[in-house]
Amino acid sequence: MSPRVGVLDSANRLAPLLSRRVISPCLEAAIIETSPLTAALPGYRYTTSADVIIERLGDSLLAVQLGTDRILELNDTAARLLDLLLAGKTDVEAVTVISAEYDAPTEEVTASVAATVASLTAEKILVREAS
Amino acid sequence: MEIFPVQFIETSPPRLDAGNPAATAWQDARGNDVAFATTCGAWHWLRVVGAGSFRFPVTSQARSVRAEVVPENASTSTVVDSYYRTVVPIALQAYGLETLHGSAVNLPGGVVALCAQPETGKSTIAYALRERGHEAVADDSVIVSLDAAESLTSEAATGRPLIHPLPFALRLRQASAKHFSSPSKASVRVEVGHRRVATGLPLELAAVVMLHRRDGLKPNLDEPAVTLRRLAPNEAFTQLLAQSLTFSLADKERKRAMVRTYLQLAAATPVYGLSYPTGLEHLKAICDRLEGLAAAPEAARDHENPPT
């Protein structure tokens, strides 16, 4: 059967932008067992990549990476971390703030922050500022 | 914003088929290639398979669409129909407006866009609402903007997104056409003659409804067949994107602007999910639900869960 003329039932859509991943370091989760080296943070500052749009929609914080065409939805904790980093705090300083706000052990928060920063960097949402 | 009649020309278009890696291919619901797009120099090209290779300038003044076509072996009416139905919406998207795959109906509370995957019933529902006395304002493509400058009047501007009506013709698949005793899809064409067309006055977009037809599932007799729920903004955003049409994703700044528009749209416009079983017998309940939404949109917020 020949294609129907003039019909674009399924047109060019942003299908790649539908890849979503929720980054969810959960401070209430069991302690993540890591070596002291893994749990240490380098004290870097971060900024967003030029190809990123960050927007709060309702209760969610979305990060859209226009280069990779991925959308990430951050939970409240990851969103708070991102806020702190983009406000100029280092990763170490962010741990101090979050530990206090959530009344959570520093070791747990350090591990969660390290994992989240690593994820956001891998997704090209965050880039390390040149020292 | 004006749409000029398409001009028939004789020239050699660029290669626009599956053999050209530089051409973006568009498929229909069955995976058949139905169109190809590329940009060469000062022209965007969009070939609609079986109709012709259309070209329109990369830049436009006042978002006016002036296009030319190298026709394939098709009737003039088929080429013109393809122009208004397919090329014009995509050209307007390239020029900065956004285009949703859907139909739209002017209900008492404002225009409601009906978006869905192909063969879900967008046109059928729009047609049924028209039979109830409501004005259908779009089929296949809904042109959306957030430009305050294009609000109706400064006094009437509410900050809501606008839609821009284009020439269109509601087309029904065979079963629906038979149900309404209406011409079937193959014989319906957009016809505007040879005159220049101004897009209709912008209308305020009151809501977007994402249609979901449940095929083959046994109905749960304890739950209503037709359900409507308000989507959270983050869910609305990704569903709007899934129904967005775009000429190309290659221009990063255009893509950025598009994403920002849909983020704003998701934040500012109520987006609902309407779920219903297959079967024209449910059309009355669907239309009742949509008319009820238009009359009292807040009543639909979070009141129903979608069936599993």
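## Two chains at a glance

Helices (H or I, at least four residues) and strands (E, at least two) are DSSP runs, numbered from the N terminus. With that in hand, we can read chain A along its sequence as the pattern β-α-β-β-β-β-α-α-α-β. Chain A has 4 helices and 6 strands, while chain B has 6 helices and 17 strands.

This is a predicted model, in which local features need pLDDT of at least 70 and side-chain atom pairs count only at pLDDT 80 or more, while totals for chains, interfaces and linings use all residues. Residues are numbered from 1 along each chain as its sequence is written, chains are lettered from A and ligands numbered from 1 in the order in which they are written, and side-chain values use heavy atoms, leaving out hydrogens and water.

## Buried residues and contacts

How much of each chain is buried? Here, buried means under 20% relative accessible area, exposed means over 50%, and partly exposed lies in between (1.4 Å probe, protein chains only). Of the 131 residues in chain A, 45% count as buried; of the 308 residues in chain B, 54% do.

Contacts tell us about links along the sequence, where contact means heavy atoms within 4.5 Å. Take the contacts between residues at least 6 apart in sequence: in chain A, 66% of them join residues at least 24 apart, and in chain B the share is 70%.

## Strands side by side

Strands of a sheet pair through backbone hydrogen bonds, either parallel or antiparallel. In this report, two strands pair if DSSP finds at least two bridges between them. In chain A, strand E3 (residues 52–57) and strand E4 (residues 60–65) run antiparallel and are joined by 6 bridges. One of the bridge partners to look for is Gln65(A) in E4(A), which goes with Val52(A). E3(A) and E4(A) form a hairpin with 2 residues between them, and Gly58(A) in the turn has a positive phi of about 60 degrees.

Chain B holds an open sheet of 6 strands in the order E2-E7-E6-E5-E4-E3, with mixed pairing. Its edge strands are E2 (7–8) and E3 (24–27) of chain B, each pairing on one side only. Within this sheet's order you will find E5 and E6: strand E5 (residues 43–48) of chain B and strand E6 (residues 52–57) of chain B pair in the antiparallel sense over 6 bridges. Trp43(B) has Pro57(B) in E6(B) as its bridge partner.

## Helices packing in chain A

Axes are lines fitted to C-alpha atoms, for helices over the stretch in contact, and angles run from 0 to 180 degrees between N-to-C directions. The axes of helix H2 (residues 76–86) of chain A and helix H3 (residues 91–102) of chain A come within 10 Å and cross at roughly 135 degrees. That makes H2(A) oblique to H3(A) (angles under 35 degrees count as roughly parallel, over 145 as roughly antiparallel, 65 to 115 as roughly perpendicular and the rest as oblique). Residues of H2(A) including Leu81(A) and Leu84(A) meet residues of H3(A) including Val97(A) and Ile98(A). By class, this contact of H2(A) with H3(A) has 7 nonpolar, 1 polar and 4 charged residues (Ala, Val, Leu, Ile, Met, Phe, Trp, Tyr, Cys and Pro count as nonpolar, Asp, Glu, Lys and Arg as charged, and the others, Gly among them, as polar). Among the buried residues of H2(A) are Leu81(A), Leu82(A) and Leu84(A), and just after H2(A), Gly88(A) takes a positive phi of about 110 degrees.

H3(A) also packs against helix H4 (residues 106–122) of chain A, at an angle of about 130 degrees with the axes 9 Å apart. H3(A) and H4(A) are therefore oblique to each other. Their contact divides into 4 nonpolar, 3 polar and 1 charged residues.

## Helices in chain B

Helix H4 (residues 233–242) of chain B and helix H5 (residues 252–268) of chain B pack at about 135 degrees, with their axes 8 Å apart. H4(B) and H5(B) are therefore oblique to each other. What classes of residue make up the contact of H4(B) with H5(B)? There are 10 nonpolar, no polar and no charged residues. Phe237(B) in H4(B) and Tyr262(B) in H5(B) are among them.

Finally, look for Thr124(B) in helix H2 (residues 122–131) of chain B. Is Thr124(B) buried or exposed? Thr124(B) is buried, because its relative accessible area is 10%. Leaving aside residues up to four places away in sequence, Thr124(B) touches Leu172(B), Ser176(B), Phe180(B), Leu280(B) and Leu283(B).
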